[in-house]
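Good morning, colleagues. I would like to take you through one structure, beginning with the whole chain and then turning to a few of its parts.

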Amino acid sequence: DLAQLQTQRQTVQNQRDELMRVIKNEEQQQSSESVKRQLLKVEKELSALQQQLNSLHNNLYLQLQQHLPAENFDLLTRLLATSVLSLPLESPLQNVSFFEIFAKNFAALPFDISKLEPNLFLKTAQEIEAEIADSVRQKSELETLLQTVQTLDQQKARQQKLESQLSQLDK
């Protein structure tokens with residue numbers, strides 16, 4: 001009877017020790033809120049990449065590049081957001097005078113935009129698809145990490161239960 005209790009106690013203690021090791025490793029990971037923020041960021045990037053791929057051959061960037069003088073085009077690529085430049089167009093731009101006037105008026109302001117980076121560089125379909133694959137992989141890893149982090153509380157409760165069992169067995 002004593003040997004059976006000692007075996008049972010050793011089994012419970014081993015389970016507790018293993019669980020404590022797992023919990024300690026997981027506590028060193030990020031919080032679930034941090035992982036959720038990273039996941040949202042990756043999903044947003046994935047959506048933007050999907051939009052870029054879908055509008056690769058028909059977007060505002062290409063239309064402006066075709067119709068504007070180089071200096072106006074350069075200015076607009078520095079000022080307009082990537083999400084605007086990569087917007088698909090339902091029909092070709094017929095009148096780009098708005099963009100020309102905007103660029104000329106902005107260029108007359110006392111700003112030095114030469115330090116601003118252009119917001120969009122056209123990528124090939126292969127480059128975009130590679131980035132999409134990378135984002136999908138990141139998303140999958142973050143989803144797995146989120147599940148792991150969320151089970152931490154359950155494991156802590158199990159640890160307390162095992163410690164309680166150990167205390168009962170020690171009596």
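Read along the sequence, the protein chain follows the pattern α-α-α-α-α-α-α-α. In other words, there are 8 helices and 0 strands. Please keep in mind throughout that this is a predicted model.

Let me begin with the overall dimensions. Along its principal axes, the C-alpha trace spans about 95 × 35 × 20 Å. The radius of gyration of the protein chain is 29 Å, whereas a compact globule of 171 residues would have one near 16 Å.

How much of the chain is buried? Of its 171 residues, 30% count as buried. The chain exposes about 11700 Å², and carbon and sulfur atoms supply 52% of that area. As for charge, there are 18 positive and 23 negative side chains, and the centres of these two sets lie 8 Å apart.

The contacts also deserve a remark. Among contacts in the protein chain with a separation of 6 or more, 90% are made by residues 24 or more positions apart.

I now turn to helix α2. This helix covers residues 32-54, 23 residues in number. From its first C-alpha to its last it reaches 32 Å, close to the 33 Å expected at 1.5 Å a residue. Which residues of α2 are buried? They are S34, V35, L39, V42, L46, L49 and Q52. What covers these buried residues includes α5, at residues 82-85, and α7, at residues 125-150.

Next, I ask you to look at helix α3, residues 60-67, where L64 has its place. Is L64 buried or exposed? Its relative accessible area is 0%, so L64 is buried. Not counting residues up to four places away in sequence, L64 touches F73, L76, L80, L85, L93 and F99. T148, by contrast, is 84 residues from L64 in sequence, and the two are 47 Å apart in space, C-alpha to C-alpha.

H67 is also placed in helix α3. Leaving aside neighbours within four places in sequence, H67 is in contact with L93, V96 and E100. The C-alpha atoms of H67 and N95 are separated by 9.0 Å, although these residues lie 28 residues apart along the chain.

Thank you for your attention.

Conventions
Residues are numbered from 1 along each chain as its sequence is written. This is a predicted model: local features need pLDDT of at least 70, side-chain atom pairs count only at pLDDT 80 or more; totals for chains, interfaces and linings use all residues. Side-chain values use heavy atoms; hydrogens and water are left out. Helices (H or I, at least four residues) and strands (E, at least two) are DSSP runs, numbered from the N terminus. The expected span of a helix is 1.5 Å times one less than its number of residues. Buried means under 20% relative accessible area, exposed over 50%, partly exposed in between (1.4 Å probe, protein chains only). Contact means heavy atoms within 4.5 Å. The radius of gyration is taken over C-alpha atoms; the globule rule is 2.2 Å times the number of residues to the power 0.38. Accessible areas come from the Shrake-Rupley method with a 1.4 Å probe; for residues, only the protein chains shown count as cover. Lys and Arg count as positive and Asp and Glu as negative; His and the chain ends are not counted. The place of a charge is taken as NZ of Lys, CZ of Arg, CG of Asp or CD of Glu.
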